[in-house]
Amino acid sequence: MDPAPTADPAPPDAFVDIDDVSLVYGRGTSRTVALHHASIAVPRGGFAAVVGPSGCGKSSLMKLVTGLMPPTRGTIRVDGATVTGPLKIAGMAFQNPTLLPWRSTLDNIMLPLEIVEPHASRLRRNRAEYVGRAEALLASVGLDGFGNRNPWQLSGGMQQRASLCRSLIHEPDLLMLDEPFAALDAFTREELWGVLQKVWMERRFTVVLVTHDLREAVYLADRIYVMSARPGRIVAARDVPFARPRSLEDTFAPEFVDIVHELRDHISRERAAA
Amino acid sequence: MDPAPTADPAPPDAFVDIDDVSLVYGRGTSRTVALHHASIAVPRGGFAAVVGPSGCGKSSLMKLVTGLMPPTRGTIRVDGATVTGPLKIAGMAFQNPTLLPWRSTLDNIMLPLEIVEPHASRLRRNRAEYVGRAEALLASVGLDGFGNRNPWQLSGGMQQRASLCRSLIHEPDLLMLDEPFAALDAFTREELWGVLQKVWMERRFTVVLVTHDLREAVYLADRIYVMSARPGRIVAARDVPFARPRSLEDTFAPEFVDIVHELRDHISRERAAA
Amino acid sequence: MIDDLPTEEETRSRFGRAALENASPVIIAIVTLIVWEIACRVFDVPRFVLPTPSMIFASLVKWHAVIATHAAQTLYTTLIGFAFAVVAGLVIGIAVGTSRLLYKALYPILIAFNSVPKVAIVPVLVIWFGIGTIPAAITAFLLAFFPIVVNVAAGLATVEPELEDVLRSLGASKRKILMKVGLPRSMPYFFASLKVAITLALVGSVISETIASNAGIGYLMLNASSRFDVPLVFAGLFVVAALGVAIYALFATVETRFTGWATRAQTARLEGTGGG
Amino acid sequence: MIDDLPTEEETRSRFGRAALENASPVIIAIVTLIVWEIACRVFDVPRFVLPTPSMIFASLVKWHAVIATHAAQTLYTTLIGFAFAVVAGLVIGIAVGTSRLLYKALYPILIAFNSVPKVAIVPVLVIWFGIGTIPAAITAFLLAFFPIVVNVAAGLATVEPELEDVLRSLGASKRKILMKVGLPRSMPYFFASLKVAITLALVGSVISETIASNAGIGYLMLNASSRFDVPLVFAGLFVVAALGVAIYALFATVETRFTGWATRAQTARLEGTGGG
Amino acid sequence: QDKTKVNFVLDWAWQAMHGPFLIALDKGYYADEGLDVTIDRGFGSGDTIAKVAAKAYDFGFAEGTSLLKFNTENPDDQVISVLIINDESPTGVISVQKNGVTTPQDLMGKKISATQNAATVLVWPVFAQLNGLDPEGIEYLFVEPSLRDAMVLQGQADATFGFATTTVLNMVQAGVDRDDITYFTLAQYGLKPYSSGIIVRADYAKENPEVVKGFVAATVKGLVDMLADPEEGLKLLKEREPLIDEKVEAARWELAEELSILTPSVIDLGISEVQKVRYEEAAMQVAESFGIDVQPKMENYYDPSFLPSRQDRQVPEAAKERAAAK
Ligand SMILES: Nc1ncnc2c1ncn2[C@@H]1O[C@H](COP(=O)(O)OP(=O)(O)OP(=O)(O)O)[C@@H](O)[C@H]1O
Ligand SMILES: Nc1ncnc2c1ncn2[C@@H]1O[C@H](COP(=O)(O)OP(=O)(O)OP(=O)(O)O)[C@@H](O)[C@H]1O
Ligand SMILES: Cc1ncc(C[n+]2csc(CCO)c2C)c(N)n1
Ligand SMILES: [Mg+2]
Ligand SMILES: [Mg+2]
């Protein structure tokens, strides 16, 4: 495991390059330092996971990368260009599903197709094809037949799965997932790990995944970043060397469990120090 | 593990008695059978956990027990009386934190005190005392100093912890928790297990906990109910015999791990059958 | 497997209640009219102060042909004014609701303008546009656009940032965010404002017609009132009210389509969730 | 540990922008007046059609003492009418917004009633209450309450059931749910409607005063217009507009307190979240 | 102290014509008759009649022509005149020099701005016949009163039907030279109904004859004073309604004297000396114009029995001199 975050210089080909970023919310008494000199670099086609205690700034980091807000200090580069506003190449699954209540589940999932090129201009003429794609995606997360339901008629976990579909439908180059499986039971979750890994291996987009589940992180990611409690810093980074595709059985292999424990220990030491 | 759900007759002293309950949502093409002849009985002061796949009707079950909606078939009794409308003795943490955005975090937590007797009539004169209690509760979940923040200024996990505080503040006789720790990292989560166990052992209210985390269920509950995929039935029930207080070390003990694996296997067999 | 659960029939909402609901405004209207009739007779209210509904009805019947042509004129100007008000209300509302500078800059001006009774402005309009349809439609427009502006602006200003972020994270343009989130989210506000706007458009038309017109219900009413034909004046009022309700009924049907997602709580409460 | 992060000073929002925002309505108003003045002079618009701002201003100065007493009367009746409108609007709005039956029953009636120009009703009021403050306040009330009803009802009808469930799960009474969730959630709707309501209350007062009063800006305006003193008529309009803006400014300060949570997106956009 | 409370509504906003009432109030003439009078402005003669009929007011000051129609249609709410102040009506046709409208003949083919159903409009066909003109020979532009005059000044109308006492001075206010304004009244061309005066409900008069007598007597005293010295009334008017322009009101009074108050018949016979023949003849013409099917009897509309003695109703010398000087 890499010892210090600053010892993690961005490789020149980093697709996502979070360079010494700090973030301050609010002013006066409600001033909160959410991120403190955090640096992360994800190569093109890489799969990074970020773990860290609740409130340490993981979601904030995701929003910085997609350009939803500017960092207070430091710079963020995606695909070589400094991020100054919302990206057009990203797909994001927020921590809350945030489905638009006036759209059916299917229409929610098709939303990115109405925005992102080249789909937006093709959508009208190829609607049937795209609907088919959306329905296939729904089926892959176990929601076949729920496309015509309203979002509030879905259970919490179903909403989260729909939100995951929405982040994938337009085949983004950069996928940002903020605890996408938190509301799912272990089995559904593990099934979706497999689905995600498969899609990723086929298309090799770049992924940043925030999760609380270390097994999930190790199963899915190439490299795992551990954040400290607020203000969030990167306190460790760990490569996961296992070959792909990884299977659920692999997660019970000793090397796998070792990495999980290593991360676990690191975090618990970090907590004790704080 | 008890083999069949129907073989789980309500003991005469059951505090929460879910008796052969079915629930149907909607009509026509959007008709969904969410629960199908589910029965659960929780004795006074008992701690029950419900596990099951996403969308199987767990949240619906919670809403039925608190009287937020009526079952389509079957009856629910709490403390001997049939539930016909919202209960006055319950505290509930919903799957989504649902904090009221126009109230500060502290005011959100104090909300039950404005509604539930005897607190409501005492609140005005004993405000300082109650605020102290709320702040202590906030501190116990690691949110000291965040009382004056607006809910949307909290991270997802912090909101969920605030929502947990809200369900506890008025010391309800019946505590309904719908995945209260889903958005928390492993360490914060485990810390809160301890907090919850401690409060429960002191006051011995009745708890129904929905969770996706089998370790969590085994750590906290006296008895665990396993539900099938939609339409949700109770396919198994398991008593957890360990002494209290349970510690985190206990969760690594072989008997503990055995129960987790037993539940796991049961669920996976159930899935395979479906 | 799913054996004894209630069938379609059982879960269908009770028919009787729906019928009562639909009949209720008619019932209230009829009761009001009867009370009015009786009160006028008992207290012997003179006809030129407040005619009884039966007199008004007689007047309606007697003059129905004339009233119909005038009503058509009023409806025409009202709908023109209303249509422009909807468009302008949306445009200005969007401007005010999405830009804080415009909010601060335009609101006081709009308030100032709308505090002014438009009757005072009609003469100026008449001098520029002559009498008739144009000043009436403009007056209808001037009265009706402001509530739409206010509500559209309020709707847009209160959009949850989380919903906007969904679109922003896709790199959507401001316009797309407005079209896909801002406006749909503001529909409940918009439709609420239409209810106010349509009544104001009617009032605007009629008022303008009383000041300068050769046709329309307003013309008819002023004409009647200067002849002391108070029942006909009230017949005119009834017709205007009926026009208002008719236009409302028209867009109330559209409203449910666009705001059903927001009023789902009420719908659920009525239909019952899941159970008997 | 937290070394080089921006200090308070740096994160403070730029002063210049705020100043511009606050000055903007004044700037717009002044520019409008200048354009108006020039247009009137260039096109040689006769005074009795549209007086120039400078004439209006001269009239304001000349008659300021008289105008002040009349303005006080108008303000008085307007505020009375407005206050009752707020109360009645809330009450009826709550009724309509929480009961589907009442929604269906009352809405058409309310629409019908509000489509009717209130000018037609003022004479009836005068016969009952005499001329002066009472009919003016009633007219102000009648015009102003409807937008409040509509928006409060819309606000309540669109409350997220999830938020209500929080209270329901505590066994809260209908009243408590209304007080703790329904009304706070509806504040953005309510305050939006106040903007429309205050302008309508003023219009109502002034109109009633032109029809039946011995005092008030409406009286002054009719008086001036019957003597062809058009600049004084417009001076009256200016004063009414100023009253509207003044009352608006008053509750705009309260508004932020009650709706800040709902407009947080705008606030965030302005202050910048976190960053320079 | 225990004075009878009486309220009185005028026909229109405060103007010179109302000076007599203010004098009677200010000098205590009403009080002397045991009356405590409050005066409110009015909103048109028709409205005034309706308000008196509805018992919102005890007395009103209004044009008498509308009574004809009102009483026919509301037999249970009869309103009568008890004092005629304007012997002839100042209603007529007002225009500006360049339009060349100085006699009824000039109106043919012209556009006239007018208010719907205003008395002038209604009597026009009768008036036209009286003058041998085609009633269809004019084109109307119906607008609200305040717009009527502007339409002429704007050139959208060639002339307007209205009160000369109002419109002429409005035009002066609007900056037109007084000599540029042309006008004639209908009375000058043969249509001579009695015009504005004091009205009450018939049953009120029957039940309170002393009150009515007192009110009429005091009003006549005020009118006589006003005729003797208009300055006094105008001063009181300015006090009552600071917004008025004294010069304009002085001119208005002068015009009103000329056109309607100080007619030869008033100067000769005295105020409110109504002749049954003229009354009924004019009333017939009006009834015909209004489309009312009655044979008007003066007794049904005008009751002279509340008037003070004839000596008390003589025009003061000063006024006679002024009229003669014209
Ligand atoms: N809009 C905001 N305004 C002010 N403070 C905020 C805002 N959003 C987040 N914060 C603060 O920033 C810190 C980090 O929040 P963030 O949501 O990034 O945490 P997180 O790592 O995603 O936590 P969790 O695991 O609980 O979701 C928290 O202390 C939170 O209170
Ligand atoms: N308001 C509703 N209207 C219609 N159907 C609903 C509604 N709420 C839930 N359902 C349906 O009922 C089923 C059970 O939902 P519920 O929320 O109880 O599941 P859950 O067990 O809590 O799932 P999760 O673990 O994903 O939260 C789902 O299939 C869902 O689609
Ligand atoms: C539209 C209209 N204008 C004026 C008056 C009233 N009015 C003005 S002057 C005068 C008396 C004659 O000098 C009267 C009665 C009215 N009733 N209606
Ligand atoms: Mg987060
Ligand atoms: Mg759930």
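Around ligand 1 there are 22 residues, and those that come nearest are K58(A), S59(A), S60(A), S155(B) and G157(B); a residue is counted here if one of its heavy atoms lies within 4 Å of the ligand. The model is predicted, so local features need pLDDT of at least 70 and side-chain atom pairs count only at pLDDT 80 or more, while totals for chains, interfaces and linings use all residues. Residues are numbered from 1 along each chain as its sequence is written, chains are lettered from A and ligands numbered from 1 in the order in which they are written, and side-chain values use heavy atoms, with hydrogens and water left out.

Because the surrounding residues come from chains A and B, the site of ligand 1 is shared between chains. By class, the shell holds seven nonpolar, 12 polar and three charged residues (Ala, Val, Leu, Ile, Met, Phe, Trp, Tyr, Cys and Pro count as nonpolar, Asp, Glu, Lys and Arg as charged, and the others, Gly among them, as polar).

A polar backbone atom of K58(A) is 2.7 Å from an oxygen atom of the ligand, a polar side-chain atom of S54(A) lies 2.8 Å from one, and for a backbone N or O atom of C56(A) the distance is 3.2 Å. Of the 630 Å² of accessible area that ligand 1 has on its own, the protein covers 92% (areas come from the Shrake-Rupley method with a 1.4 Å probe).

Key
Polar contact = N/O pair within 3.5 Å; in protein donor to acceptor, adjacent residues only side chain to side chain.
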